[in-house]
Amino acid sequence: MKFIKFLLSLSALLGLVYILNKPIPIQTPTPEDPTKTKETLIPPIGPFVSPFTGFWQNAESLSDFVPQKLEVPEMKGKVKILFDERMVPHIFAENLEDAAYAQGYVTAKFRLFQMELASRASGGRLAEIVGPDALENDKLKRRQGILVGAERAAAAWKESKEVSAIMDAYTAGINKYISELSPRQYPVEFKLMGFKPELWNTYKSALVKKYMDQTLCFGEDDLESSNALKILGADTFKRLYPELNPKQSPVIPTGTPWNFKASKPAEKPAVQEAIGLIRHKVYEKERGVLGSNNWAVAGSKTLSGKPILANDPHLKLTLPSIWFELQIHTPEANFYGVSVPGVPGVLIGFNEHYAWGETNVGQDVNDWYQISWTDQAKTSYQYDGSVKKAKIVIDSIKVRGMEKAVMDTVRWTEWGPIVYDSNESGWHDLAMHWIGHEAPNPDELLTFVGLAQGKNHGDYKQALTQYDFPAQNFVFAAKDGDIAITPNGKFPIKNKEQGRFVQDGSSSKNGWAGFIPRDQVPTTKNPKRGFVSSANQHSTDPSYPYYYNSPYFDHYRGRYLNKRLSEMDSITAEDFMKLQNDNFSLHASEGLPAMLAQVDTTQLSAVQKPIFDKLKAWDFRFDKDKVEPVIFTNWWDKFYEMTFDEVMVWKDSIPILMPEKWRVVELTANSPSDIIFDDKKTPERESAKQIATASFLATLKDLSTELVKPDFAWATYRKFSIMHLARIPAFSRMDLPVGGYGQALNAIAGGNGPSWRMIVELGDEIKAYGLFPGGQSGNPGSPFYATDLDKWVKGEYNELYFMKNAEDKRKPTLFSIDIN
């Protein structure tokens, strides 16, 4: 009997082992219709819950961090890595290559899953690990040419002896760490998702770089603009979508002279109005959610008499953070800042002589062209009066849970890949011409080596000549008193409005006429106003002789920032901390009074009138505990939609451009009787008065049950969260009590926000402050996973520990790694 029980127990155990080690099909809601479900395979949970190799092994405590010694025969010298109380590595190396090796090792130690996920997302390989749900993403990355761009970047880097040496050392450091791992030591996400880390290579680093390129210089609205032009006609289009905001305050101060003769395109291409409506469903865009600030003030405006620099790039916020904090000390330089895991160097930071930082320029370097095929098989197309063969690339995409790979065909033209195919009426074959497809300057990564090793403005200026894309506003401030800013990168020479609409791809005359010469890229040094700044606004005033365009220029933060910096004097680092956390919105301060002025108050009830008065008394700050931001944003959305009903009616069926916020405010304030305010669904002719009143009443009706709650406020209403990279709720931080708004300097909105706040005082001794919303470790079971998140929420800062040498004992060391 006992034997039979044993056999039954053994059978049950073996059955459980079998079940736990096979993918499990579950039913999950579809994104299109939550009421419907689809079968999704989740990885086997056996390895994840195993007491020997599962997630139990990923819990960490301070006692787990003990001194290490690594023997690496290929190293040129010795390296010591000291970790401070926040787990920031301070790397002391005898040469730059060994420093890169150490950076690769420690980055992999703390962010391996993040690096793997970024390279897979960019390289179209997510379906390998998550199954069919990621297949469309993987196809799109291939059709967008991301893999080709990465291949060209990796090949270009190998042409540079110095870059190649740095990349090889960085890669070797990563692979040293990976080779040491046993399955029980894999980061928890690998266990949960059921796959193992791959060895790193330069191509993977190039894919991570492409991930950033797509985030920062992929913006365009060609299809949307072409449709709006077709539907509304040229006159209405020009009225609703002007390219220049007359109130704009550009990065380079207005009135800056241009002491050069600009190169001009030989022939102006025609605007493509006859293409017809474009019905493609466009890929998801980051429009309106990216925002960054940087500025530097001269000693004439500070209390200390020395310059101060500030930078806070606003990107998608995740756990772990997009940034990894570190210090590198070599005989050539001692520098501190943040890097992107997967790419060597420090992107934003400071050394013993100066500080530097970046915000996104955002100019459009991604254009679309309609292709005219000459055969049904789409193997040849018309180009400059002749027939040209397309390059046919057949991609094989592995999908988890599927026995056979999925095949996809991508056609490449002179312009670039065909991203959208004409497979039904109203669709067109459209080729993408993106600067990110081009091979970069082989020495582009030396930009940040040059910045790290530089001593003055001349070194800063020289370092920028090696940088191509994504274009960035590089801000600079030095101990010697100089300040500067440069919207820097590789900018195409365009005719007016070229690249604003889909263009005819049969003529090379519709392409870019080369690139703006480096010495004609705008820059300013020590302007009379005593400060330089950027917040993603226009790079220059209209007098700049080269045309450029963008769907992403900001129209509020830059104006407010320049206004505040003009007003400020005797500035301290604490003043800049407050400015980076400033929740004031110029959009609200201009838009709300214009809307309030149009409301017919005679239609308001005794309950509604106090709410109207409350809005009127608001200080336009999007503080977490205020209710006015909730009312304003809801009212703004309704007012906007009712105003542009003739545009909104198309929004769900075709891609169409929506007017900018500033244009709505301008029309409301200055042209309240404009025909755009007429509601096409009624026989009457409405003005802004009727639209503002109706939208205000509708807003109060929608919010009626919420407004009576005593704890109802901006933070509780929008429930801002920072999600784990893999969108795992248990590894995320939900419903954070923060203020901020997309059009405030503290631009927290839509999952985006200040990803790294840094302030550097350039005194005799460098003093710097900074933090990002998270911690150094990517391990959710580590005490260093979300170290500074609470501080970030409160608007607090860390004083950054800038060590003078390896013997610096001003702060305690948590543990160390010695590499020989």
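A residue counts as buried with under 20% relative accessible area, as exposed with over 50%, and as partly exposed in between (1.4 Å probe, protein chains only). With that in hand, let's look around. This is a predicted model, in which local features need pLDDT of at least 70 and side-chain atom pairs count only at pLDDT 80 or more, while totals for chains, interfaces and linings use all residues. Residues are numbered from 1 along each chain as its sequence is written, and side-chain values use heavy atoms, leaving out hydrogens and water.

**Salt bridges**

A salt bridge is a side-chain nitrogen of Lys or Arg within 4 Å of a carboxyl oxygen of Asp or Glu. By this rule there are 46 salt bridges. Here are three of them.

| Pair | N to O distance | Relative accessible area |
|---|---|---|
| Lys76 and Glu97 | 3.0 Å | Lys76 59%, Glu97 26% |
| Asp482 and Lys525 | 3.9 Å | Asp482 17%, Lys525 42% |
| Asp678 and Lys680 | 3.8 Å | Asp678 10%, Lys680 46% |

Lys76 is exposed, whereas Glu97 is partly exposed. Asp482 lies in the loop between strands S21 (472-478) and S22 (483-488) and Lys525 in strand S24 (residues 524-525), so their bridge ties together parts that are 43 residues apart in sequence. Helices (H or I, at least four residues) and strands (E, at least two) are DSSP runs, numbered from the N terminus. Salt bridges can also join up: Glu116, Arg120, Arg125, Glu128, Glu198 and Lys204 are linked in a network.

**The largest cavity**

On a 1 Å grid over the protein atoms alone, a cavity is a set of points where a 1.4 Å probe fits but cannot get out, and lining residues have an atom within 4 Å of a point. The whole structure holds seven cavities of 30 Å³ or more. The largest one has about 190 Å³ of space, and among its 19 lining residues, Leu96, Ile166, Pro344, Gly345 and Val449 are the closest to its centre. Helices H3 (96-123), H7 (161-180) and H12 (446-453) each give two or more residues to this lining, and H12 has the largest share, with five. What classes of residue make up the lining? It has 15 nonpolar (Ala, Val, Leu, Ile, Met, Phe, Trp, Tyr, Cys and Pro), four polar and no charged (Asp, Glu, Lys and Arg) residues, Gly being counted among the polar ones.

**An exposed residue**

Finally, Ile394 is found in strand S17 (residues 391-397). Its relative accessibility is 57%, so Ile394 counts as exposed.

How values were computed. On a 1 Å grid over the protein atoms alone, a cavity is a set of points where a 1.4 Å probe fits but cannot get out, and a pocket is an open set with protein on both sides within 12 Å along at least five of seven lines; lining residues have an atom within 4 Å of a point. Grid points are joined across faces, edges and corners, and a volume is the space filled by probe spheres set on the points.
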